[in-house]
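Let's take a walk through this structure together. Keep the sequence and the 3D view side by side as you read.

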Amino acid sequence: MKYFDKNTWVYLDGEFVKANSTPVDLFGQSLHYGYSAIEGIRAYNTHNGTRLFKAEQHYERLRFSCERTGILFRWEIDELVEKTYQLLEQNNLRNAYVRPMVITGHNMYLTPAVEATMVILAWEWGPFLGTDLIRATLSPYQRPNPWSLPPDVKISGQYVASILATTEAIKRGFDEAILLDQEGFVAQASSNNLFIEKDAKLFTPTLGHIFPGITRQTALEIAKALNIEAEEKRLSPEDLLTADSAFLTGTATGIVGIAAIDDTVFPQEWADTLGATIQRAYKNLTLEKENYQVII
Ligand code: PMP
């Protein structure tokens, strides 16, 4: 199917321009339907130089997101990692966020992508939610139903739901939205996973309705290394509101503590929480410190 040729005009922001002259693909499924797969990877300035944290795992997840949604993935992971390091060097970036995207090509039908392009962007970015404790609210928005969109893919279109939830939370004076799944269990924040601490044990919602965050998995691994008991379990809003403390995990965010959910302030001092311990170990791990699990 041909959508335009060199004689085709489109209207763009007040002007008529040639369809083939625009810097973005105006006929792409990515733009029309949010049909592109994305990732988020962090680069840290470590004593071993600039290091991407778990880059292979992120690119494997990108491949999975594509394969699960019918987007062609024809790249080698090793080469993508290598190109990402080159991109950071060319932009002189040390502490950075990297956004790989697989963009789909011209196709106005609701059918699998006929073409796919790999784009990798990188920019300097501090922790997504800052470093202070945040205030969160239980959102009136829910996580997307797993039967409408697979919960374990990172596809651009799903982030409109995250934008709506965050916007609504910020409007009411909060930093972040906590979303329930369609069965009423606590799922996660708009773009971060959630942990709670209760009676010196960590709990995080089970996979199924949540996005399987790499930071969530890392936090579970750190807990194991530190002999901290952690359990994946379906959590009710009541479980969340009666927790001793809570925190969020995500690549862009790192690990950030939650001071309160709506009017419910968590009773434990953040510095004394298991979350704070995991936060310190995570920082050491991303900075490739030896014996990251030794917390002093
Ligand atoms: N949930 C959603 C919806 C996300 O977009 C992200 C960030 N990719 C996360 C959770 C956290 O995942 P990760 O730890 O792999 O960054």
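Predicted model: local features only at pLDDT ≥ 70, side-chain atom pairs only at ≥ 80, totals over all residues.

Numbering runs from 1 along each chain as its sequence is written, and side-chain values use heavy atoms, with hydrogens and water left out.

Start at the ligand. It has 15 residues around it, and the closest are Lys-154, Tyr-159, Ile-214, Thr-215 and Thr-251; a residue makes the list if one of its heavy atoms lies within 4 Å of the molecule. Zoom in on the polar atoms here. The side chain of Lys-154 has an N or O atom 2.7 Å from a nitrogen atom of the ligand. An oxygen atom of the ligand sits 2.4 Å from an N or O atom in the side chain of Tyr-159, and a polar side-chain atom of Thr-251 is 2.6 Å from an oxygen atom of the ligand. On its own the ligand would expose 380 Å², and the protein buries 96% of that (accessible areas come from the Shrake-Rupley method with a 1.4 Å probe; for residues, only the protein chains shown count as cover).

Next, find Gln-188 in strand S10 (residues 186-189). Helices (H or I, at least four residues) and strands (E, at least two) are DSSP runs, numbered from the N terminus. Is Gln-188 buried or exposed? Gln-188 counts as buried because its relative accessibility is 3%; the cut-offs are under 20% for buried, over 50% for exposed, and partly exposed in between (1.4 Å probe, protein chains only). The side chain of Gln-188 makes a polar contact of 3.5 Å with the side chain of Arg-143. That term means a pair of N or O atoms within 3.5 Å; within protein, one must be able to donate a hydrogen and the other to accept it, and residues adjacent in sequence count only if both atoms are side-chain atoms. A polar atom of the Gln-188 side chain also lies 2.8 Å from the backbone nitrogen of Phe-211.

Now for the charges. Side chains of opposite charge can pair when their charged atoms come close. The structure holds ten salt bridges, each a side-chain nitrogen of Lys or Arg within 4 Å of a carboxyl oxygen of Asp or Glu. One of them joins Glu-221 and Lys-54 at 3.4 Å, N to O. This pair ties together distant parts of the chain, 167 residues apart: Glu-221 is in helix H5 (residues 214-225), Lys-54 in the loop between strand S5 (49-52) and helix H2 (55-69). Glu-221 is partly exposed at 39% relative accessibility, and Lys-54 is partly exposed at 21%.

Compare that with Arg-63 and Glu-60, whose side chains meet in a salt bridge at 3.1 Å, N to O. Both lie in helix H2, three residues apart, about one turn of the helix. Another salt bridge pairs Glu-168 with Arg-172 at 2.7 Å, N to O. Elsewhere, salt bridges that share partners join Asp-181, Glu-183 and Arg-234 into one network.

Phe-16 belongs to strand S2 (residues 15-18) and counts as exposed because its relative accessibility is 58%.
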